[in-house]
Amino acid sequence: MMNNWCDQKKTKFFPLLIFAASMGFLEAIVVVYLRELYYPDGFKFPLQIFPQWLMGVEIVREFSTLFMLFALAWVAGKNFLQRLSVFLFIFGIWDIFYYVALKLFLNWPESLLTWDILFLIPITWLGPVLAPVICSTTMILMTFIFEYFRLKNNSHKINRSELGLMIAGATIIFFTFIYDLGKIILKDDYFHSLLNVTKNENFIQEFSEYVPVNFLWGIFTAGLLVIFAGIFIYIKRNLYAKY
């Protein structure tokens, strides 16, 4: 009885908001330093190739960021659904405030369609700023949907079909982010030397001339629709649940 009462307590979103927004500003400050060193005339494509050791440091930083988000979600949540909700919320807020901070510090991006490096794990993600902002907004929306039914229906689970659709949609979106660099890696068979690819002169030459133009918005939208299909089924099941 006590466990059920604890599980139904409202999630304290305000301190989570403060934490995630602070993380967004902190990461933006790191990027300000990097751009001052490698893009003193302003960030733009084609990209500068970072030294191998610095790429390693950046990957460690990104893993550390994810571990921080996972750890906070684990502490703040009492069950899988609440932990997932917390993770989605702080990830979405963190990412949005990262761009808010960059706009304040560097007056960048010029627009929501400006291309950016989004992530480095397992390979570099590229895309217009609008794409991760849409993803982050969707994550925050999912958080409040899950929280609503958790409190109203004592709903603590997502069915396999619902979760499967959400993961499938996320995988489709992930493909749109890695498509550009993945196309270069697969076309010229750099995959077998992926860990040392920044030492490959042919790769450096090709990547240093690459300027992304067209984002796969159609596939991205399809991924979003698959995610929303999972959300819709979750909502429908909980609306008709007996409680």
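## Arg35 and its surroundings

Setting aside neighbours within four places in sequence, Arg35 is in contact (heavy atoms within 4.5 Å) with Pro40, Phe43, Leu102, Leu106, Trp108 and Asp116. Arg35 sits in helix 2; helices here are DSSP runs of H or I with at least four residues, strands are runs of E with at least two, and both are numbered from the N terminus. Its relative accessibility is 8%, so Arg35 counts as buried. On this scale, buried means under 20% relative accessible area, exposed means over 50%, and partly exposed is in between, with a 1.4 Å probe and protein chains only.

A quick word on the model: it is predicted, so local features need pLDDT of at least 70 and side-chain atom pairs count only at pLDDT 80 or more, while totals for chains, interfaces and linings use all residues. Residues are numbered from 1 along each chain as its sequence is written, and side-chain values use heavy atoms, with hydrogens and water left out.

## The hairpin

Asp116, one of the contacts of Arg35, has Gly127 in strand 2 as its bridge partner. Strand 1 and strand 2 run antiparallel and are joined by four bridges (strands pair if DSSP finds at least two bridges between them). A hairpin of five residues links strand 1 to strand 2. Four of the five residues of strand 1 are buried, so this strand is largely enclosed by the rest of the structure.

Pro109 belongs to the loop between helix 4 and strand 1.

Asn107 is in the loop between helix 4 and strand 1 as well. Its phi is near 55°, a positive value in a residue other than glycine. With a relative accessible area of 53%, Asn107 is exposed.

## The nonpolar core

The largest nonpolar core has 65 residues, and Phe146, Phe177 and Phe220 touch the most other members. Such a core is a set of buried Ala, Val, Leu, Ile, Met, Phe, Trp, Tyr and Cys residues joined through side-chain atoms within 4.5 Å. Elements that each supply at least two of its residues include helix 2 (13-38), helix 5 (130-153), helix 6 (160-187), helix 8 (217-239) and both strand 1 (115-119) and strand 2 (125-128). Helix 4 provides the largest share, 13 residues.

Beyond its neighbours within four places in sequence, Phe177 is in contact with Leu118, Thr124, Trp125, Leu126, Ala131, Pro132, Cys135, Phe215 and Phe220. Thr171 lies in helix 6, and at 46% relative accessibility it counts as partly exposed. The C-alpha atoms of Thr171 and Gly223 are separated by 7.5 Å, with the two residues 52 apart along the chain.

## The second largest pocket

What lines the second largest pocket? Twelve residues do, and Lys10, Lys12, Val75, Ala76 and Lys78 lie nearest its centre. Helix 2 and helix 3 are the elements that give two or more residues to this lining, and helix 3 gives the most, with three.

The lining divides into six nonpolar, two polar and four charged residues. Here Ala, Val, Leu, Ile, Met, Phe, Trp, Tyr, Cys and Pro count as nonpolar, Asp, Glu, Lys and Arg as charged, and the others, Gly among them, as polar.

Note on methods: On a 1 Å grid over the protein atoms alone, a cavity is a set of points where a 1.4 Å probe fits but cannot get out, and a pocket is an open set with protein on both sides within 12 Å along at least five of seven lines; lining residues have an atom within 4 Å of a point.
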